[in-house]
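Me: Please take a close look at one part of this predicted model. I want the sheet, the helix lying across it, and the annotated sites, in one connected account.

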Amino acid sequence: MTSIDAGNAPADDDATVRSRLARVGLLAVVFVCAACGLVYELALVSLGSYLIGNTATQASIVLAVMVFAMGIGSLAAKPLQRYAVTAFAAIELALALLGGLSVLALYAAFAYLSLYTQALVVVAFILGLLIGAEIPLLMVLLQRIRKQEAGSAVADLFAADYIGALIGGLCFPFVLLPIFGQLRGAIVVGLVNAVAGCFLVFVMFRKSLSRMGFAALGAAAVAVIAVLIATLVYADRFEVTARQAMYRDPIVAAERTQYQDIVITERRIGSGRDTRLYLNGDLQFASSDEYRYHEALVHPAMADAVTRSTDGSAAPPSVLVLGGGDGLALREVLRYRDVRPTLVELDPAMINLARTDSRLRELNRDSMNDPRATIVTADAFTWLRQQHQRYDVIVVDMPDADESATAKLYSTEFYSLVKAHSAPGGRIVVQSGSPYFAPKSYWCIGSTLRSAGLAVTPYHVDVPSFGDWGFFLAGDGAPPRLHLSAPGPMRFLSESELSAAAVFPLDRPPLDMPPSTLMDPRILRYAQGEWATY
């Protein structure tokens with residue numbers, strides 16, 4: 001008995017080592033699959049925030065649908081446990097193909113069919129179904145390697161799963177997006193997903209497959225990987241074509257940054273041209289009439305500051321521009337003598353484009369390269385919390401508040417920070433959207449400014465590319481008076497035009513709206529409801 005035991009020891013040791021290696025390999029596959037699954041979720045949320053805005057809603061739809069579908073997938077996998085190896089291989093290949101192509105498919109649905117939300121729900125449900133079916137099948141495969149108590153097996157499996165999700169969640173914003181971008185990043189993850197599934201099936205459990213099953217799954221794996229590689233090669237070409245389908249005019253410059261999708265279009269109009277800037281699909285200006293918007297935004301706020309300066313102030317007015325990374329508002333500010341403005345813009349790519357693109361430089365008169373201007377790359381909210389200087393004029397030229405990231409810039413807390421940086425008797429002006437197309441949003445901004453302790457004067461002008469567009473001039477004490485102290489000839493604005501701008505028609509009266517705060521971003525809800533129809 002002793003000699004038999006001794007003789008069997010090496011074989012037993014080898015089996016134990018092989019069992020441990022097999023378990024490590026399987027848990028490594030669980031780790032990779034979990035990372036890929038979370039990346040698919042984040043890619044859908046991120047794409048929706050770029051294309052639709054409304055990040056909170058996009059995240060809620062994706063997570064709710066996918067978690068629900070994962071539960072259905074887990075139940076649906078029960079009959080497949082008898083064929084765990086084959087079923088897992090088929091599910092992983094399907095998941096790699098759909099997950100890898102999900103961003104491309106949704107982008108195409110948005111660009112060509114205008115069916116984004118419906119397509120998102122379908123894609124999220126199928127992805128969740130496939131991800132949910134993974135764990136029961138992996139549990140069966142883990143038990144085939146070595147039987148163990150259910151609690152221990154679940155602990156091992158979920159530990160690898162959750163750690164993989166952590167790594168996938170961190171890799172998405174810090175590795176995949178910066179290196180590959182959204183579309184190509186999803187395809188790369190699909191390839192990783194396919195390779196991990198193939199490793200588990202064709203290397204670790206190949207003996208469980210029949211010759212015909214091995215050949216069929218092998219052919220399917222080659223086809224999936226070939227499709228993903230081919231799509232990766234042509235991804236950039238597809239993105240250019242699909243992006244152009246979303247814009248009326250030819251795209252002459254485009255860049256997707258970690259903050260936004262920047263697109264410049266241009267078309268010929270007679271002997272001239274119309275250049276347009278879009279951020280995340282929203283029009284920011286059209287060169288044919290942008291002067292109307294920017295003259296109305298800047299010069300009423302500058303009037304009192306210039307008057308004080310000419311009345312004997314020791315220094316020219318200090319001016320702060322928040323947003324306005326295209327340099328057009330800054331162009332109007334720099335028309336005033338001796339002014340030395342500071343501009344705070346979040347996206348360095350937007351600053352670089354305004355400084356280097358010949359079309360933007362012509363429009364902004366090279367204001368972003370003007371030595372009188374100080375350009376700061378920072379989040380305006382954070383930057384204000386860290387500064388103590390006060391300004392005679394603060395121009396708030398932010399994108400519309402239809403996304404969670406911009407809604408905070410239309411809150412009581414933000415306007416309180418802006419007020420704290422306004423000099424005594426200073427003026428603050430805020431672009432506020434359309435009082436005609438989005439009246440709740442517009443008047444909510446006025447209420448929010450008042451909740452921060454500011455007196456406001458509403459006014460609006462006609463900007464043909466936008467329609468009727470509104471602003472609020474704000475300050476301490478009584479509501480500021482609308483008037484001009486122009487630095488030279490204006491193309492649009494005059495005293496009479498400004499007087500008319502303060503009049504609102506009877507069918508568009510002021511609305512008594514509650515203020516928007518960080519904890520209760522009413523402006524976001526109003527904007528999503530009104531500007532979506534506009």
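Reply: The C-alpha centres of domain 1 and domain 2 lie 45 Å apart. Their contact takes six residues from domain 1 and four residues from domain 2. The domain assignment sets domain 1 at 20–246 and domain 2 at 289–531. All of this is read from a predicted model.

Now the sheet. Four strands form an open sheet in the order β1-β2-β3-β4, and the pairing is antiparallel. β1 (251–256) and β4 (282–286) are the edge strands. Each has a single partner strand, so one side of each is left without a neighbour in the sheet. From one strand to the next, the twist averages 20°. As a rule, strands of a sheet pair through backbone hydrogen bonds, in a parallel or an antiparallel sense. Here β2 covers residues 261–269 and β3 covers residues 272–279. These two strands pair over eight bridges, in the antiparallel sense. Across that pairing, Arg 267 stands opposite Asp 274 in β3.

Next, the helix. α9 spans residues 348–356 and lies across β1, β2 and β3. Its direction makes an angle of about 30° with β2. Its buried residues are Ala 349, Met 350, Ile 351, Leu 353 and Ala 354. They pack against β1, β2 and β3 of the sheet. They also pack against β6 (342–345), α10 (358–364) and β7 (374–377). At the start of α9, look at Asp 347. One of its side-chain oxygens reaches to within 3.0 Å of the backbone nitrogen of Ala 349.

The annotated sites come next. An unreviewed UniProt entry lists Gln 260, Glu 345, Asp 379 and Ala 380 under "binding site". What does Gln 260 touch, leaving aside its neighbours within four places in sequence? Its contacts are Tyr 50, Glu 255, Leu 279, Asn 280, Glu 345, Asp 347 and Met 350. Glu 345, one of those contacts, is itself on the "binding site" list in the record. Met 350 is another contact of Gln 260, and Met 350 is among the buried residues of α9. Asp 347 is on the contact list too.

Asp 379 sits in the loop between β7 and α11 (380–386). At 18% relative accessibility, Asp 379 is buried. Neighbours within four places in sequence aside, Asp 379 is in contact with Leu 346 and Lys 408.

Last, Asp 397. The unreviewed UniProt entry gives this residue for "active site". Asp 397 is found in strand β8 (residues 391–397). Asp 397 is buried, with a relative accessible area of 9%. Setting aside its neighbours within four places in sequence, its contacts are Tyr 293, His 294, Leu 297, Leu 322, Gly 323, Gly 324, Ala 329 and Gln 431. With Tyr 293 there is a polar contact, side chain to side chain, at 2.6 Å.

Key: Residues are numbered from 1 along each chain as its sequence is written. This is a predicted model: local features need pLDDT of at least 70, side-chain atom pairs count only at pLDDT 80 or more; totals for chains, interfaces and linings use all residues. Side-chain values use heavy atoms; hydrogens and water are left out. Two strands pair if DSSP finds at least two bridges between them. Axes are lines fitted to C-alpha atoms, for helices over the stretch in contact, and angles run from 0 to 180 degrees between N-to-C directions. Contact means heavy atoms within 4.5 Å. UniProt positions are given in the numbering used here, feature names are shortened, and annotations may be inferred rather than shown by experiment. Buried means under 20% relative accessible area, exposed over 50%, partly exposed in between (1.4 Å probe, protein chains only). A polar contact is a pair of N or O atoms within 3.5 Å; within protein, one must be able to donate a hydrogen and the other to accept it, and residues adjacent in sequence count only if both atoms are side-chain atoms. Domain bounds come from an automatic or database domain assignment.
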